[in-house]
Every structure is written in C-alpha cells, then in structure tokens.
Amino acid sequence: LIDINGDGLPDKVFEDGTASLNLGYSFATPEAWGGGIVNNGETVVVASTSGRSDISFSLRLGYRRPALASTSGQIIIAFQDGAQRARIIAECRAASSHAVPVARLGKRLDAIAQRGYLIAESHDQVGITDIGAPILDRQGHALAGVTVPYLNRRGSPPRHEQVLQLL
C-alpha cells in the first residue's frame with residue numbers, strides 16, 4: 001500500500017503497473033497508472049514499459065531512489081504548492097544520507113515548474129537522457145511523473161524535443 005495520488009490514503013499498487021485508489025471506504029477498480037510517484041522522500045516506479053527500439057532501458061517496478069536525485073521526483077516536487085513542496089523536501093532530507101542543497105533547490109524546482117518539463121542527463125546511467133513531464137490534477141499539482149529514459153545513440157542526432165512532444 002502506498003499513497004500515489006497525494007490524498008493521504010494508502011492505495012494498492014500492483015506489479016502490472018495498475019493501481020486501485022483508496023476511496024476511504026473501499027478501493028476503486030484497478031486502472032493504469034503510469035510513471036513514478038514520491039513516497040517518504042523517495043521516487044517509486046509504479047509503471048514501466050520498454051520501447052519499440054531494438055535496445056531499450058527500463059526500471060523495474062518498485063525501484064526506489066531519493067526523490068531529489070531522480071527526474072520524476074524533481075518534476076513531482078516542482079509541481080506542488082509551497083507547503084506540500086516543503087513537506088516533501090523535508091522527507092527527502094530525512095530519507096537521504098546525502099546533503100540536500102536547499103539554497104539552489106528552490107530555483108531549480110521553480111525553473112522546472114515554469115518550463116513544464118525536465119530534460120536532463122540521467123543521474124545514474126551514461127548515455128541516457130531523461131525526458132520527463134508531470135501528471136497533473138485539476139489544481140495543477142503533480143500526482144506522478146512520467147520519465148522517458150532516452151538512449152542517445154552514436155550516429156543518430158538526439159530527438160529529445162520530439163519525444164517531449166509525445167508526452
């Protein structure tokens with residue numbers, strides 16, 4: 001059980017990438033839920049798929065990492081109101097053994113929110129560019145983030161902007 005839509009109620013997330021939202025009195029019918037979420041200061045992969053290319057990269061369901069050290073995590077945090085953003089950052093600081101650069105963090109998150117997406121080199125893998133965007137609720141707050149791990153290939157110009165348009 002994990003709160004994937006930010007309502008404070010634990011939802012059921014299944015290995016096939018679907019989730020049953022907690023309605024307070026019962027759980028909704030399972031539905032597709034893409035990308036990653038933030039839980040207790042960490043990004044958690046709740047849906048994953050591989051592309052149609054001959055080579056692809058994907059993260060396993062349930063994979064966790066510090067939210068501030070992931071593209072999806074930064075996107076989700078960027079699209080929160082001030083109080084929610086501060087709460088998530090505090091959780092990130094508590095969950096991480098690394099120092100959180102708070103002084104520059106606000107400006108970085110504000111820039112992501114203003115742009116509406118994030119294209120950045122992978123935090124872990126060489127040759128992968130993360131292309132990510134938020135899944136927003138009606139108030140403009142991120143419920144989750146979708147990140148495409150774009151494999152940069154020799155002899156092919158990057159198509160980051162074209163992939164972003166498909167998100």
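Predicted model: local features only at pLDDT ≥ 70, side-chain atom pairs only at ≥ 80, totals over all residues.

H2 spans residues 82-95 and H3 spans residues 102-115, and the two pack at an angle of about 130 degrees with their axes 13 Å apart. Because angles of 65 to 115 degrees count as roughly perpendicular and those over 145 as roughly antiparallel, H2 and H3 are oblique to each other. The crossing in which H2 passes H3 is right-handed.

H3 also packs with helix H1, residues 71-78, here at an angle of about 85 degrees and with the axes 8 Å apart, which means that H1 is roughly perpendicular to H3. On the H1 side the contact is made by Gln74, Ile75, Ile77 and Ala78, and on the H3 side by Arg108, Leu109, Ile112 and Ala113. The contact of H1 with H3 has six nonpolar residues, one polar and one charged.

Turning to the whole protein, there are four helices and nine strands, and these follow one another along the sequence in the pattern β-β-β-β-β-β-α-α-α-β-β-β-α. Of the contacts with a separation of 6 or more, 44% are between residues 24 or more positions apart. Of the 167 residues, 37% are buried, while the accessible surface of the protein comes to about 9900 Å², with 51% of it belonging to carbon and sulfur atoms.

Key:
Residues numbered from 1 in each chain as written. Heavy atoms only, no water. Axes fitted to C-alpha atoms, helices over the stretch in contact; angles between N-to-C directions. Parallel < 35°, antiparallel > 145°, perpendicular 65-115°, else oblique. Left-handed = near helix turned anticlockwise from the far one by under 90°. Contact = heavy atoms within 4.5 Å. Nonpolar A, V, L, I, M, F, W, Y, C, P; charged D, E, K, R; others polar. Buried < 20%, exposed > 50% of the residue type's maximum accessible area, 1.4 Å probe, protein only. Areas by Shrake-Rupley, 256 points an atom, 1.4 Å probe, with all protein chains shown as cover.
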